[in-house]
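Trainee: Could you walk me through this structure, step by step?
Mentor: Gladly! Let's look at it together.

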Amino acid sequence: MMRAGIVAVRTSPVGDWLFDLYWAMYQKPGRSPKVSRARYMESRYRHIMASQNTQLTELGWKSFFSAQLSDEEMAGCLPVRVTAVHRGKIAVTRDGIESLIEARIPGADAEEDRPAVGDWLLLDRESLEPVRLLQRASLFKRLAAGGRQKLQVIAANVDTLFIVASCNQDFNVARLERYLVLAREVDVAPVLVLTKMDLTDRPESFIEKARALGPDLVVETVNARDAASVARLAKWCGIGQTVALLGSSGVGKSTLVNTLRGSDCLATQAVREEDGKGRHTTTVRQMHRLEQGGWLLDTPGMRELQLSEAATGLAEVFDDIVELALTCQFTNCAHEGEPGCQIQAALKQGTLDLARLDRWRKLALEDATNSATRATRRDRADAAESRGRAPSNTSGKRPRR
Ligand SMILES: Nc1nc2c(ncn2[C@@H]2O[C@H](COP(=O)(O)OP(=O)(O)O)[C@@H](O)[C@H]2O)c(=O)[nH]1
Ligand SMILES: [Mg+2]
Ligand SMILES: [Zn+2]
């Protein structure tokens, strides 16, 4: 306790200053200190730790992260949050102070180990050099554009995902399903935010389509330009809460950030009237602090993302289809006319929508293809080794027992 107390006092410039002043006053000959050095140190320690803890909590610090620190790290390291990612540099925040540091972390060369916005990073207290990234509570990543299947980290430690869509011709069920799969896969609670309710006579028709995406899905309809309307999103933006925004260009993500922040810090874009689409304006990945204590994260680069290794998310968003498939007569049923296919039966009965089945097929195929490519790249050695093993039976149909 005391050792840590000294560390805490010594590393705070104000603590150092107060400490020196205190000792200068009480070390004068003839004056006896009213409190012992130990008690002084302890009260300073308590005060500093308490204020540090509140500041960390405001940044989103949780027991999930503190539990990862060893005793040595507890004494020798400072946790900071990565609040912006620039080219080669990252902005880290602590105690309300933001500083730009090198993005390179020693020994962390894999793409997935690079700092993403939202990450918690340990710095050495003395040198302020990065020590290590803490394990993430959630991580959004994507395959970088181009055929190389390179992984890119987008955002870490997100509590809620605002999936943003607008009440106009841009509203696209397939795209929303894709975003939902992603949220479920990463295990981040999704909220579907329908913007531009002020521009439509029939917001109900969009709400209805949105609700059809899942029985438990939270749907909120707003005018993103109106603070009173956007206030209904406040419950996800409390102290220390991190909310990421995801949605096509022009749906109102930056507008939401600005309205929630009560400032015009982000450039929004004029929408082309004829097709409702906007141009891309957001480029840096950054966390924006809200008055009510939460953090908003605009995430360029996530909207065009491909699914990869998202089988769990797919199964959750399309649980109706997956449940049917589990009761098909053949375990490897392709649902294309095999006897005893429950999916075909549901289509005939009208309990399953063909369009929804097609969207599921498309996403499942995309996921399978990307996952396979990545697996191949990741484990070439293993793949080479397993080529020697007997191939699995893929020809005949396998009846369910
Ligand atoms: N009337 C109205 N306009 C909106 C709403 N949300 C966004 N806009 C406008 O739509 C355009 C695109 O918004 P923007 O926030 O830049 O979209 P982003 O690409 O998702 O960040 C801007 O001109 C906004 O003013 C809304 O709820 N109602
Ligand atoms: Mg924007
Ligand atoms: Zn089937």
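Mentor: A word on terms first: a helix here is a DSSP run of H or I with at least four residues, and helices are numbered from the N terminus. Keep in mind that this is a predicted model.

Trainee: Thanks! Which helix does Glu208 lie in?
Mentor: Look for the run covering residues 203–211. Glu208 falls within that run, which is helix α7.

Trainee: Is Glu208 buried or exposed?
Mentor: Count the other C-beta atoms within 10 Å of its own: there are 11. A residue with 12 or fewer is called exposed. Glu208 is therefore exposed.

Trainee: How far apart in space are Glu208 and Val219?
Mentor: In sequence, these two are 11 residues apart. From C-alpha to C-alpha, the distance is 9.7 Å.

Trainee: Why is helix α9 largely enclosed by the rest of the structure?
Mentor: Helix α9 spans residues 253–261. The buried residues of α9 pack against several elements, including β8, α8 and β11. The helix is largely enclosed because, of its nine residues, the number buried is eight.

Trainee: Now the strands: which residue in β3 is the bridge partner of Val92?
Mentor: Start with β2, where Val92 stands opposite Val82. Strand β2 also runs antiparallel to β3, joined by six bridges. In β3, the partner of Val92 is Ser99.

Trainee: Which residue in the turn between β2 and β3 has a positive phi?
Mentor: These strands form a hairpin with two residues between them. The one in the turn with a positive phi, about 50 degrees, is Asp95.

Terms used. Residues numbered from 1 in each chain as written. Chains lettered and ligands numbered in written order. Predicted model: local features only at pLDDT ≥ 70, side-chain atom pairs only at ≥ 80, totals over all residues. Buried ≥ 20, exposed ≤ 12 C-beta atoms within 10 Å, placed from the backbone. Contact = placed C-beta atoms within 7 Å. Pairing = 2+ DSSP bridges.
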